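This briefing covers overall shape, core and selected positions. The sequence and structure come first.

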Amino acid sequence: MNDTHPPTTAAAAAAAEAAERLIAEYRSLPPGSDRKREIITELDANAQALPFLVSVVADAEEYDLARVESATVLRVWPPADPDLRRRAGRALLTALREPEEDLVRQYAAMSLAPYTSDPLVAMALDSTARADQDPLVRDSARFSIMEAHRLQETGAGGP
């Protein structure tokens with residue numbers, strides 16, 4: 001998380017335990033279960049779950065609405081760890097490039113603002129904003145570009 005105060009050891013342990021329990025439940029569900037989307041929502045501000053959310057976004061076989069929720073969480077809570085942050089940006093790019101998944105692509109584009117320090121993300125976002133065939137994906141990319149500028153101006157963009 002992007003909190004300025006590190007969590008206490010007990011709080012971190014509780015967050016890790018909650019994440020493990022919810023991730024295990026997620027993995028036990030059938031592919032199209034809407035409970036998967038609910039679990040992602042429950043993992044919202046749990047920094048321990050971020051690697052899992054990155055894997056959900058990147059996996060084209062995952063439930064679309066779970067991927068959309070994961071993209072949203074990664075937009076709101078970008079990882080502080082530089083390696084995980086880079087992997088999150090690249091996972092969102094993977095989702096953005098899937099021609100069959102318009103809703104997932106739209107949310108991936110909308111979620112890329114915190115990841116534009118990666119030149120590959122910045123170039124893909126710019127290209128998407130100018131030339132994507134889907135107007136909603138183009139608009140989402142434009143939103144992300146404006147949001148990235150705002151984050152850079154306020155210093156909230158992270159590494």
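Of the 159 residues of the protein, 42% count as buried, where buried means under 20% relative accessible area, exposed over 50%, and partly exposed in between (1.4 Å probe, protein chains only). The model is predicted: local features need pLDDT of at least 70, side-chain atom pairs count only at pLDDT 80 or more, and totals for chains, interfaces and linings use all residues. Residues are numbered from 1 along each chain as its sequence is written, and side-chain values use heavy atoms, with hydrogens and water left out.

**Fold and dimensions**

- The protein contains eight helices and zero strands, both taken as DSSP runs numbered from the N terminus (helices: H or I, at least four residues; strands: E, at least two).
- Along the sequence the pattern reads α-α-α-α-α-α-α-α.
- The radius of gyration is 15 Å, which agrees with the value near 15 Å for a compact globule of 159 residues; this radius is taken over C-alpha atoms, and the globule rule is 2.2 Å times the number of residues to the power 0.38.
- Along the principal axes, the C-alpha atoms fill a box of roughly 45 × 40 × 20 Å.
- Of the contacts between residues at least 6 apart in sequence, 62% join residues at least 24 apart, a contact being heavy atoms within 4.5 Å.

**Surface and charge**

- The accessible surface comes to about 8,300 Å², and 56% of this belongs to carbon and sulfur atoms; the areas come from the Shrake-Rupley method with a 1.4 Å probe, and for residues only the protein chains shown count as cover.
- There are 17 positive and 26 negative charges, and their mean positions are 4 Å apart.
- Lys and Arg count as positive and Asp and Glu as negative, while His and the chain ends are not counted; each charge is placed at NZ of Lys, CZ of Arg, CG of Asp or CD of Glu.

**Nonpolar core**

- The largest nonpolar core has 38 residues, and those with the most contacts inside it are Ile40, Leu43, Phe52, Leu53 and Leu74.
- Helices H1 (9–28), H2 (35–42), H3 (50–58), H4 (64–76), H5 (82–96), H6 (102–110), H7 (119–131) and H8 (135–154) each supply at least two residues of this core.
- H5 gives the most to this core, with seven residues.
- Such a core is a set of buried Ala, Val, Leu, Ile, Met, Phe, Trp, Tyr and Cys residues joined through side-chain atoms within 4.5 Å.
- In soluble globular proteins, nonpolar side chains tend to be buried together.
- Beyond its neighbours within four places in sequence, Leu43 is in contact with Ala19, Leu22, Ile23, Ala49, Phe52 and Leu53.

**Selected positions**

- Ala11 lies in helix H1 and counts as partly exposed, at 38% relative accessibility; its C-alpha atom is 31 Å from that of Asp118, 107 residues away along the chain.
- Glu100 sits in the loop between H5 and H6 and counts as exposed because its relative accessibility is 69%.
- Arg138 belongs to helix H8 and is partly exposed, with a relative accessible area of 22%.
- Leaving aside neighbours within four places in sequence, Arg138 is in contact with Thr128, Ala129, Arg130, Ala131, Asp132 and Gln133.
- His149 is also in helix H8 and is partly exposed at 45%; 9.8 Å separates its C-alpha atom from that of Pro114, 35 residues away along the chain.
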